[in-house]
Amino acid sequence: MWLLQRVTAAFLVVVLAFHFFLLHFYHHAFEITLMGTQTRMQDVGYFATMWLFLVTATFHGVNGVYNALVNQGISGTPKTAVKAILGLAGLLLIAQGTRVALYMNGFLA
Amino acid sequence: MSQSYNRGLVEDFSRWKEFSAGMWAWIFHKFTGWVLVGYLFTHIAVLSTAIPAQQGEMVTNSAGEQVSVYTNTLSLLESTFIVRLLEVGLLAVAVFHILNGIRLLLVDLGIGLESQDKTFYASLVLTGAIVIASVPTFMAGIGGA
């Protein structure tokens, strides 16, 4: 988990910066339309990058919250409950994000 | 593996005067991390309007045109000054988390431990510079400008 937190961090540094540049500097956020999103998401490379972005960001974020709580000293039942709740929240976010991405690229309709 | 360290209570506010650069970096990294993970869930919720939009749900926008619910939601949010301001805040949080994250990755690799306080200050200055330089882009088009 320690290594995975660092590996996802290295990936996210690049992809988060790319995401900000693309959707705020290259395209402007206020100009985003469904058609533009569909066009980007129909590109297999872009779709794969965004899906990996979703999975790595969710893992890094949820595991980061768990680490912060362990760091604060939670243990026993609260620690187990936090692990289960965060794990479930992460899986639900990935499931919903994947569903949205598949609608965006037209695979689901 | 995650371990528990006794850093004392951050909530004991009078302690802030004793904090070193490393302690501030730790607090800022944790705070920006909480904001980013919270935003991630919100972001997916907003983007979920693409589902009804793909199923053909249209709404009438402020100009009286029929547009998809996804386009209208994003356009409405982006036309609000407070949302633009929050986006600048999000950029600040993300840039600091990225720069301090690179600093942490390097320290983990054994690079720059002896200058970790200077690299923290550099992260802060660079974050400030990038955010200030980005304000015109993030505020572009607000109020039809």
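User: What is the handedness of the crossing of H4(B) and H5(B)?

Analyst: In this predicted model, the crossing of H4(B) and H5(B) is right-handed.

User: At what angle do those two helices pack, and how far apart are their axes?

Analyst: Helix H4 of chain B, residues 81-108, packs with helix H5 of chain B, residues 116-139, at an angle of about 150°. Their axes are 9 Å apart. Angles over 145 degrees count as roughly antiparallel, so H4(B) is roughly antiparallel to H5(B).

User: Which residues meet there?

Analyst: From H4(B), the residues include Val88(B), Leu91(B), Val95(B), Phe96(B) and Leu99(B). On the H5(B) side, Phe120(B), Leu126(B), Ile130(B), Val131(B) and Phe138(B) are among them. By class, the contact of H4(B) with H5(B) has 14 nonpolar, six polar and three charged residues.

User: Staying in chain B, which residues of H3(B) are buried?

Analyst: Helix H3 of chain B covers residues 69-78, and Tyr70(B), Thr71(B), Asn72(B) and Leu74(B) are buried in it.

User: And what do they pack against?

Analyst: Within chain B, the buried residues of H3(B) pack against helix H2 (50-54), strand S1 (58-60) and strand S2 (66-68). They also pack against H2 of chain A.

User: New topic: chain A by itself. What is its secondary structure?

Analyst: Chain A has four helices and zero strands. Along the sequence, the pattern reads α-α-α-α.

User: How does its radius of gyration stand against that of a compact globule?

Analyst: Chain A has a radius of gyration of 17 Å, whereas a compact globule of 109 residues would have one near 13 Å. Along its principal axes, the C-alpha trace of chain A spans about 50 × 30 × 25 Å.

User: What share of chain A is buried?

Analyst: Buried residues make up 20% of the 109 residues in chain A.

User: Last one: what share of its contacts join residues 24 or more positions apart?

Analyst: Of the contacts in chain A with a separation of 6 or more, 75% are between residues 24 or more positions apart.

Technical notes
Residues numbered from 1 in each chain as written. Chains lettered and ligands numbered in written order. Predicted model: local features only at pLDDT ≥ 70, side-chain atom pairs only at ≥ 80, totals over all residues. Axes fitted to C-alpha atoms, helices over the stretch in contact; angles between N-to-C directions. Parallel < 35°, antiparallel > 145°, perpendicular 65-115°, else oblique. Left-handed = near helix turned anticlockwise from the far one by under 90°. Contact = placed C-beta atoms within 7 Å. Nonpolar A, V, L, I, M, F, W, Y, C, P; charged D, E, K, R; others polar. Rg over C-alpha atoms; globule rule 2.2 N^0.38 Å. Buried ≥ 20, exposed ≤ 12 C-beta atoms within 10 Å, placed from the backbone.
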